[in-house]
Structures are given as C-alpha cells and as structure tokens.
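Notebook open, structure loaded. I'm going through the chains one by one and jotting down what I look up.

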Amino acid sequence: MHDDPMWCPVAPDAVAWREWEGEVVLYNHATGDTHHLDPFGGSVMLSLLRHPGGIRMRALLQEISAGFETEPIAQLAGDIERVLADLARLHLAVRTTA
Amino acid sequence: MIVGDLAAGELRRRLRGSGLRVRIGPVVAEVRSPFGVVESAMAMHYAAHHVATHAEFADFHVAVSPPFGPRRWIKRQSLFHFNGNVAFLPLAATQAFALLEWGLNWCISSHCHQFLIVHAAVLERDGKALILPAPPGSGKSTLCGALVACGWRLFSDELALIEPNGDRLIALPRPISLKNESIATIAGFWPDAAMSPVVHETAKGSVAYVRPPATSVRLAGRPAGPGWIVLPQYVKNAPTELSSLSRCEAFMRLVDNAFNYNVHGRAGFDTLADLVAASRCFRFRYGGDLQEAVRVFDALAAAP
Amino acid sequence: MSGDPAPGILFEALRDIDRLGAAYRDWESLIRQARAADLLGTLAVRLATRDLLGHVPAAPRAHLTGALYRCRAQEAAVRREVEAVRGILQPLRIPVILLKGAAYVMAELPPARGRMFSDVDILVPRDALPAVESTLMLGGYATTHPHPYDQRYYRRWRHELPPMQHVKRMTIIDVHHTIVADISGVHVDTAALFAAAVPLAAVPGMHVLAPVDMVLHSATHLFRNEDLTHGYRDLVDLDALLGRFGADPAFWSALPARASQLGLGRPLYYALHWTSRMFGTVAPAPVTAAVAAHAPPAGRRWLMEKLVERALRPDARHAATLWARRAMYVRGHWLKMPMPLLAWHLTVKAFRRDEPSALP
C-alpha cells in the first residue's frame, strides 16, 4: 500500500502568524522562536494550521498544487517533503504514524 | 521648571548632593556626579528638560563617579552606578558623560518593559513615526541628526519605545550621539547644532553629543502613530535610493533589533506585526548627500 | 544623604503585603530595595495576588508590571529548557533531580512565582557524570570555564561540573553530583536523596527533592554558600517553602530526623531561626526543641547572628553590610574547602583578568 503519512502542526494553539505579500512570519510560543517563511514554506505551514488534527500528504499535495499550478506534481511532492523536514526540525510540524 | 532655569550653582549642588532629577519622556532619572564634564554636559544637553522634585517618583537612580583607590586621583576613572551597584567596567574620567548616556540607555532598555523597545532611531512628522532600525555603522545617527536639523521631531536616536496594544511610539528626547566621521559631517550640515566637545579614544572611537531641539523636548509628551519603517544603509558615494522592503523583512528586522521581544512573548509578536502592517516599509541607501537624503524623507512625509 | 532607601521597608512589605494599600507612600524606596534584593518580581506577584496592583500609582506600577512580564517570560524559558534537557538525557535512562529554581517552576512551588531563575540545576548520580557531560555536549552545551584551573576547582573541590552553556540558546545548566562539596568534610548521602525523590508527572524521568530534602538543600545553600548577595531573597524562598510544606504535619515530624541523618542540622537550625526572626514563621515546638541541639556554640552564635543579619539586609551600599557580606563570603568559602587551599584559590581568582567587558 502506498505510503501516505499524516503531518500535524506542533502545538497549533501556541502559534501566531501573519501573511504579507505571500510570505509568512510566525511565532511559536512552545519554542519561543520567531520564523520568516518564504511563500512556498508559508503555504505548507498555513495548510497544516488549517488542519490542526493532521493532514495526509496526498491531501496536502492537492491543496498546495492549487496555488503553484505551474510545477509538475512529482517535483512539488519532493519540495513539500523538504519543507516538512525543515518544519519538523524547527519543531513546527510533526509526522505522525496515525 | 526646566534645568536651564536652575539658579547659578544649583545644578552643581544637586549633582554633587541629593541628585538632579530630570524628566526624560516617560521616565524620571535621578543623576549624581562630581565630574565637571558631566555638569557642563547636563547644563547643555538637558537645559530644556523638566526638573522633577523629590516628591515625584524617580524611575532610575544613577551616578557617575570616580572609584575608590588610586584611580580616584591618578589616571582618573569614572564608574557608572545604578541603584547603588556598579554596572560596568570603569572608563577614563574624560568619558564620564558618554558613560552616563550609555548607562541611561542600558537602564531604559533593561527595565522599561511596559514598552516593547527596539534599537532604532525614531523621528516624527505630522503625528507619524519614522523608525530607522539599524545596527551600528548603518549611518542611522547621521541621518537622524540631519533629519532633526531639518525640522523632524526627535523621539530618540537609539531607543524606539512602542506601546503594546495600540502601537503608539513614545518620545524619549535625549542628546544625539555621533561617532567618528559622523561628527564632522553633522557639524558641516548643521552649523547651528549645539555640540559638546569631542571625546576621543572611547571604545566606540570619537564621540560627540548634539543637544536635542527644545521643541522636541517640550513636545515629548505627545506620542506618534505608525508611519514609516526604513532600513538605512550608508555606502560611501553611492547614489541615494529608496526601494521597497517586504513587510516580513521589516518585521524580522524589528525583531532582531528588539531588546525585550522575548519578555513580551506573543504580545510582542502582535505589537510588532500591527506596527509593520500599519507602516510603509522601505530600504534606503545613501552615500553621504544629506540634503538629498532629507528630501527623500520629506517627500515620504508629504505623500498621501 | 537623601535618596538612600530606608532600611526595613522591604522587610516590612514582605512580612505584611496588605499594608501596601492606596495610602502607601514609599514606593520609590520600596522598589529600589526590592530591585537591589532581586525581589521586585516577588513583590509584584504578591501585590497582584492580593489585588493591590490597581492601587499602585502609575509610575511605580510600570516597574512592577514590567517585572511580572519578565518573570512570566523567564518561567516559560525555564520550562522549555527543562524539556530540552529531558529530551537530551532521556536515552541515558538515569534518574535526574531538578534543583532550586527549575524545581520550583516545574513543581509549581511558591518561590517560582515572581522570581528570575537563570540556570537549570540538576543532580545526577556521581558515576553517571561522564555520560551526562558528554551527552549534554552532544546536545549543544559547551563548558563556560575552559581554564584548567577552574575545571579542577569545580570538579574536585565543588560539587558540580563547571556550568555549561547551550551554544544557540545561551542557556546555562549546572550539573551537580552532591548538594554539598565533598572536600569540606560533610558528606551528604546522595543515594538517600534519590531514594526519596518525587517524580514529576509532567516531565518523565525527572524528579524533585522530597519536601524535607528541598528545605534542607535550600537552607544548606544559603548558610554554607559563599556569596550572600542574594541572601535575603533566598531566605524569602526558604520561607515560602516552609509555608507550603508546613501545612502537612508529617513534614515537620520528619524534618529534624532527616536533618540529623544527612548531617545538615546546623543549616536547619539557622533556617528556622532566621525565618522566625524575619517573617514570624514559627515551627512546631517539638521541632524547634529537636533542632536546638544543632545550635552553634554560644560564642560563635553571637558573631554569626551579627554577620548574618547584616548580610541579609538588602542594602548593598551600606558599608557595614558590605563588610559583613565579605566576612560571610570568606566563611562560606572556608566551609567549602580547607584554609590553605582557599587562600590559593582566592589569589588565583584575583589575578585572572579575562573577564569580558560589560560595555553596551
């Protein structure tokens, strides 16, 4: 069966964010850190925050591709995975086994 | 009563005795010092500031005085005291006023947590604040001096005091500190500036102070709302250029230059975000033509 | 000289916070004293708890609310740091006891509210020390005292590794393996402390000292410590612990025996004596009687009384207090290591000039 991992935002209630001109700044009270995300990273993060209970990779891919239509799907998936790995490292996102 | 109204000898008596209490914007500082250089600098730079009585609450009790021991007399040093404790390593006695000013910056930025405090110059025009957040070497102080010379109201050359919930900026008018080449530049641009003698060989090079205009001091109680956030960059002989700056980048620059962002937590994020959202944000590069620089900012102020 | 804070104002305020109502006039002196004693946050919390902050005039109130913001932010930072340390040390599967401020915060004890705790202190079994040190280093902590002399001093002669600092977060962790320095002749049974330690539900793998041990540790830290600059503040904390734990009679009945068992009777005697003198905190009579056996000899008692009272007063500028602090500092050092070694250590410390400039 194809792997379709679920990703959740870490502590969504602890996060405050603003979006300007496509970019996102974000404060995470759980870590005390403040981040500046580029438009792609920002849209992935905001997608996660829209689904605090978690969102599967396939659904995430669908949401993001709507905003980045020109990219081929395979490349998009790879880019999303890289961003998720970065967000995990920053304690903003976590991959669950659900 | 303002400092300039004190009878002859009274300023000295207070500095060497029970303390001179000065209102500086939202705070009252009680200053003590036996140094003649501090007395003359206070007389020059704080002439328009209100004297507070001992019945009024003083926020900070500071002193700049010589240490005990041989350095009290030989190769005289000065020490900064806050609330009875020595705060920094000693400096040469000739630098006593600079030490006082740096010490006051430290007091305010370390303790005034009713504000979000950002390391930036702030000026005002028509009720709107021009904020120049910038690390040393960016030309912020030179620009600040030039703008004040051309009628912008001085809020502060170092400390932006931002009220959370409302994003008003609060004025803290104090002498403008100039370093190294900036001193000659401003002296040339603003011949009427009241500038104290240059002090050499400080940790920051040569330092001089310019008296804040009396109107800036008199109007200190009047806050400003968001206006413009501009990141200055001095590049020698480069053409003057105002370019756009993304709000996210302006925001991160404020965060990076904030003294007490962590103290405010989420409220700090919201305060700076609201301020950025309500401000127009730019990058500004200039190469030393202060006339043109001032024209650019005047045009910003005049724009709808 | 006008402007000197009148002594005793802070004492009185912390003894009876309700006197700071709308009619109170000494805010300037009180805030100065509180700041000097590192108790501004504690004062602010007590006023907030009693709903008195609204009565404070705007100018002094700004300092109090500022202190509250700082303490709240600091508490959040301590929680994050403890969680980070827990994660780093978890693979070692050793018991870890949080000490002092970090313990007060994680166990939600009264001294936590309003105080600024800067370091995280942990107690680990002595034989786990090398593993803990290398694991912390892998987790991003580096030693703060690279000078070999200091390394020896901390490791051999005190009860801890030299403080370690996280390279990115700049937070400090102090790793102890006993609560009293070995070389001073008093040996505290660390295994007994671990046996009685209380696990923290919110932080698996981490514990705090049992209430009697926490009080004894606080007393020992205060009365054997070399630096009494914050003596009054530490006494306030100790009194708050007695107030919380003292509601349980079992705490009082266990306290004297545990003090004897651990060899900490003398610090306990001082702790009860001084919390009674300063705050009116009264231990049950049987406890006071049992602890009287640990009182110092009459001659030394007089000197200690004078020294400690002077040193505890939070007025840094008073000349007599400074002298008393210095004497306590020497006494504290003396308790930690034998005289000849002490003299050498102080001499080396005086000559080293590698302190960084504090200029802004």
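Predicted model: local features only at pLDDT ≥ 70, side-chain atom pairs only at ≥ 80, totals over all residues.

I started with contacts in chain A: of those with a separation of 6 or more, 48% are between residues 24 or more positions apart. For me, two residues are in contact if their C-beta atoms, placed from the backbone, lie within 7 Å. Residues are numbered from 1 along each chain as its sequence is written, while chains are lettered from A and ligands numbered from 1 in the order in which they are written.

Buried here takes 20 or more other C-beta atoms within 10 Å of a residue's own, exposed is 12 or fewer, and partly exposed is in between, with C-beta atoms placed from the backbone.

Next, secondary structure: chain A has three helices and six strands. These are DSSP runs numbered from the N terminus, H or I of at least four residues for helices and E of at least two for strands. Along the sequence I read β-β-β-β-α-β-α-α-β for chain A. The radius of gyration of chain A is 13 Å, close to the 13 Å of the globule rule for 98 residues, so chain A is as compact as a globular protein of that length. That radius is over C-alpha atoms, and the rule is 2.2 Å times the number of residues to the power 0.38. I also took the box along the principal axes: roughly 35 × 35 × 20 Å for the C-alpha atoms of chain A.

On to chain B. Its domain assignment gives domain 1 (3-111) and domain 2 (116-302); such bounds come from an automatic or database assignment. I get 25 Å between the C-alpha centres of domain 1 and domain 2 of chain B. Their contact takes 15 residues from domain 1 of chain B and 22 residues from domain 2 of chain B. On the domain 1 side, helix 2 (36-45) and helix 3 (96-111) of chain B each give two or more residues, and helix 3 of chain B gives the most, with five.

I then checked helix 3 of chain B itself.

Last, chain C: I find 16 helices and seven strands, and 41% of its 360 residues are buried.
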